[in-house]
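Let's take a walk through this protein together. Have a look at the model first, and then we'll go from the overall picture down to a few particular spots.

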Amino acid sequence: MSDVKQRGRRRASSPVTHVPASTSGGRREAIAAERASAPSGVSMAQLLRAGAASGAGQKVGVAMAATGLVLAVTLPSTQAPDTLHAAPEQSASVETIVTAGAEVPISFATPDVASALNPDGQLKETLKVQASNVTLQASKGTLSAPLTNMVTSSPFGGRISPITGQVGEMHTGQDFAIGCGNSVLAAAGGVVTFAGWHQYGGGNRVVVDHGNGLSTSYNHMSSINVAVGQEVPRGGIVGLSGTTGASTGCHLHFEVIVDDETVDPMGWL
């Protein structure tokens with residue numbers, strides 16, 4: 001028989017070496033001992049990760065596979081021990097509580113936002129330019145009514161004089177029919193520049209300067225309630241209605257003066 005066949009027979013007849021049962025039993029005993037000695041709060045997965053750096057994790061994994069256990073965690077051959085993170089509720093944000101004294105009133109009402117245009121603010125913005133340069137669109141509504149009850153009568157412009165009958169007389173203001181003795185109100189805040197008798201037919205007359213070339217006048221009043229140099233607010237009483245001067249009856253003759261020239265008051269009211 002050739003040498004090749006003889007070597008083959010010798011290989012086939014060589015005894016098979018079996019792993020003693022005591023070896024696998026010893027591994028199971030080692031795993032059981034590791035479980036018993038591990039802290040109760042540490043899971044098996046944490047134990048495996050802790051021993052992964054020294055290679056023990058691989059050995060334990062092989063041993064557990066031999067005993068029929070299935071690992072749900074795959075471990076790398078080298079890995080630093082994991083850091084246990086704090087529970088989410090432990091890192092919750094801290095609430096800040098704001099308190100107020102018992103005497104402080106608390107209101108849940110919505111702040112009152114003015115929907116109406118502030119006439120003084122509008123007039124101030126309008127008069128940033130010279131009054132003579134103000135357009136009709138910008139001036140309209142910047143002055144308040146000089147009477148609480150406004151009844152128009154003779155308008156601004158050319159007319160037949162009710163006293164002389166002259167045709168084409170220039171009426172320099174707007175007349176409002178009103179009984180004598182009613183309050184006459186400042187159409188806007190300003191400083192009184194004239195308060196007295198008007199020699200050109202205005203009777204008891206008051207002139208208020210509103211700044212930047214704009215003034216208003218109030219005529220034929222029965223009495224005057226302000227003095228020259230006095231500051232009056234919008235709506236302040238400057239006098240009482242009457243029929244003094246060149247007048248045919250109780251009424252208010254109201255003028256708007258722009259750079260010393262009278263203009264139609266209705267363009268500002």
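Two residues are in contact when they have heavy atoms within 4.5 Å of each other. Keep that in mind for the model here, which is a predicted one. If you take the contacts between residues at least 6 apart in sequence, 61% of them join residues at least 24 apart.

What is the chain built from? Its secondary structure comes to six helices and 12 strands. The protein has 269 residues, and 29% of them are buried.

Now let's go inside. The largest nonpolar core is made of 27 residues. If you'd like some names to look for, the residues with the most contacts inside this core are Leu143, Val206, Leu214, Tyr218, Val238, Phe254 and Trp268. Which elements give two or more residues to the core? They are β6 (203-211), β7 (214-221) and β11. Of these, β11 gives the most, with four residues.

In general, a disulfide is a covalent bond between the sulfur atoms of two cysteines. This structure holds one of them, and it joins Cys180 to Cys250, with an S to S distance of 1.5 Å. The bond ties together distant parts of the chain, as its two cysteines are 70 residues apart. Cys180 sits in the loop between β3 (174-177) and β4 (183-185), while Cys250 is in the loop between β10 (237-240) and β11 (251-258). Is the disulfide left-handed or right-handed? The torsion about the S-S bond of Cys180 and Cys250 is about -85°, so the disulfide is left-handed.

And how accessible are the two cysteines? Cys180 has a relative accessibility of 40%, so it counts as partly exposed. Cys250 has a relative accessible area of 33%, so it is partly exposed too.

One last stop is Thr152, which you'll find in the loop between α6 (136-139) and β1 (157-159). Thr152 has a relative accessible area of 49%, so it is partly exposed. Which residues does Thr152 touch, leaving aside those up to four places away in sequence? They are Gln174, Asp175 and Phe176.

Notes
Residues numbered from 1 in each chain as written. Predicted model: local features only at pLDDT ≥ 70, side-chain atom pairs only at ≥ 80, totals over all residues. Heavy atoms only, no water. Disulfide = S-S within 2.5 Å. Buried < 20%, exposed > 50% of the residue type's maximum accessible area, 1.4 Å probe, protein only. Core = buried A, V, L, I, M, F, W, Y, C linked by side-chain atoms within 4.5 Å.
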